[in-house]
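Let's take a walk through a protein chain together. Have the sequence and the 3D view at hand, and turn the view as you read.

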Amino acid sequence: MFDKIYVEKELTHSPITENILKRFKSSEVVIIDNYEEVFQKVKKPYLQKRETLNLFVAQKKGALVKEAPDAYGLSGEPHYYFINAYNCIYECNYCYLQGYFHSPDLVFFINHEEITQAIEDTIHRHQEVSDKGIWFHAGEFSDSLALSHLTQDLESYIDVFKRNPRAYLEFRTKSANTRALEDISPLPNVITSFSLSPADKIKDNDLKTPSLNTRLAAIKKLRDKGHPIALHFDPIIYTDDIVESYEEMLELIIETIPLTEVEYISLGVVRFTKDVYKQVKMNYPESEYFYSELITSHDNKVKYPRPMRLWLLGKIKELCLKYGAKKESVYLCMEE
Ligand code: SF4
């Protein structure tokens with residue numbers, strides 16, 4: 001899987017590093033002082049990840065927890081994300097990571113103690129001034145479960161939320177890798193959220209990710225073990241049969257989990273920053289986005305015109321309610 005594994009000198013004896021190196025015996029191991037000396041130093045085209053992929057085992061310095069943009073999650077409470085990895089093994093053709101880093105190589109930040117401390121400090125600071133809940137999201141720059149058997153970090157993050165029941169943690173994923181979570185006792189404030197799209201959209205756009213049925217099987221496994229589940233229908237991509245295809249998907253979902261049991265459903269329409277849009281055009285020139293009308297909006301994002309976005313969001317929300325979702329559990333992501 002990895003051609004080279006770069007390990008920061010200070011981390012060579014970490015049990016996580018040892019576990020990774022044991023699993024990838026044929027990868028060349030290179031010891032370095034600091035990942036920043038190598039990662040992104042030479043621009044590596046995004047699609048080169050199909051041929052050669054390297055891994056960095058590193059420590060995250062600087063800001064470990066960051067405030068999430070407005071309209072990122074359920075409104076009324078502050079949202080933060082924490083950074084425990086960069087880049088992803090999947091290849092969704094709309095992924096914003098393709099315009100974000102100069103390299104698709106993976107970075108695992110394994111200084112989990114410092115990251116969890118930063119989360120806990122943020123919770124305490126918030127609770128000194130407010131009695132509202134506070135949210136933390138993993139997976140802003142990666143998929144939070146896809147490689148969790150390698151990063152071995154879920155438990156240390158969950159422990160923070162065991163001690164802080166008024167704070168919420170979300171693991172966002174398109175994977176079906178629930179192995180690590182299955183062994184952990186569920187907590188009401190730790191939510192695993194699955195991004196879902198109709199089966200044919202997953203096949204066309206979420207390249208190398210598990211199919212809809214495989215993701216639904218993963219949801220069932222976690223739900224049966226008592227883990228709270230949330231759903232993201234994001235990105236919603238327009239097609240002539242959009243209503244039928246979301247109805248079909250919702251029918252499959254409610255065979256797996258009633259929507260009344262889903263903590264929340266977020267809806268978001270496909271959108272790109274200008275840089276990502278350029279990359280998508282270059283990397284996936286045949287993709288269906290280029291057959292629809294797209295505009296550059298006042299927030300500098302490339303997206304469908306507002307009436308079309310509102311129609312799409314309204315229609316899918318209506319379907320969610322028809323299939324049993326509670327009105328207050330459905331929210332629009334990144335849409336004012
Ligand atoms: S799963 Fe998420 S992070 Fe990974 S390629 Fe797809 S959109 Fe990007």
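In which loop does lysine 208 lie? Lysine 208 sits in the loop between strand S12 (206-207) and H7. Keep in mind as you look that this is a predicted model. The phi angle of lysine 208 is near 70°, a positive value in a residue other than glycine. That deserves a second look, because most residues other than glycine have a negative phi. Lysine 208 counts as partly exposed because 13 other C-beta atoms lie within 10 Å, and a residue needs 20 or more of them to be buried.

Now step back and take in the whole chain. The chain has ten helices and 18 strands. Along the principal axes, its C-alpha atoms fill a box of roughly 55 × 45 × 35 Å. For 336 residues, a compact globule would have a radius of gyration near 20 Å, and the chain agrees with that because its own value is 20 Å. Of the 336 residues, 39% are buried. Among contacts in the chain with a separation of 6 or more, 78% are between residues 24 or more positions apart.

Helix H7 covers residues 212-224, which is 13 residues. From its first C-alpha to its last, H7 reaches 18 Å, close to the 18 Å expected at 1.5 Å a residue. The buried residues of H7 are Leu212, Arg215, Leu216, Ala218 and Ile219. Looking down the axis of H7, you would find these buried residues within an arc of 155°, so they line one face of the helix. What do they pack against? The partners of the buried residues of H7 are strand S11 (190-195), helix H6 (199-205), strand S13 (229-236) and helix H8 (242-256). On the face turned away from the buried side, H7 carries the exposed residues Thr214 and Asp224.

Just after H7 comes glycine 226, with a positive phi of about 95°.

Asparagine 300 lies in the loop between strand S16 (295-296) and S17. Its phi is positive, at about 70°, although asparagine 300 is not a glycine. Is asparagine 300 buried or exposed? Asparagine 300 is exposed, because 8 other C-beta atoms are within 10 Å and 12 or fewer is the limit for that label.

Next, turn to the start of the chain. Aspartate 3 is found in the segment before strand S1 (4-8). With 14 other C-beta atoms within 10 Å, aspartate 3 is partly exposed. Leaving out residues up to four places away in sequence, aspartate 3 touches Ser27, Glu28, Thr52, Leu53 and Asn54. Aspartate 3 and histidine 124 are 121 residues apart in sequence and 42 Å apart in space, C-alpha to C-alpha.

Phenylalanine 56, in strand S3 (residues 55-58), is buried, with 26 other C-beta atoms within 10 Å. Again setting aside residues up to four places away in sequence, phenylalanine 56 touches Tyr6, Tyr35, Phe39, Asp105, Leu106 and Val107. Phenylalanine 56 and asparagine 34 are 22 residues apart in sequence, with their C-alpha atoms 9.6 Å apart in space.

Finally, find the ligand. Which residues surround the ligand? They are Cys88, Tyr90, Glu91, Cys92, Cys95, Leu97, Ser142, Asp143 and Lys174. This shell divides into five nonpolar residues, one polar and three charged.

Terms used:
Residues numbered from 1 in each chain as written. Predicted model: local features only at pLDDT ≥ 70, side-chain atom pairs only at ≥ 80, totals over all residues. Near = placed C-beta within 6 Å. Nonpolar A, V, L, I, M, F, W, Y, C, P; charged D, E, K, R; others polar. Helix = DSSP H or I, 4+ residues; strand = E, 2+ residues; numbered from the N terminus. Rg over C-alpha atoms; globule rule 2.2 N^0.38 Å. Contact = placed C-beta atoms within 7 Å. Expected span 1.5 Å × (residues − 1). Arc of directions from axis to C-beta.
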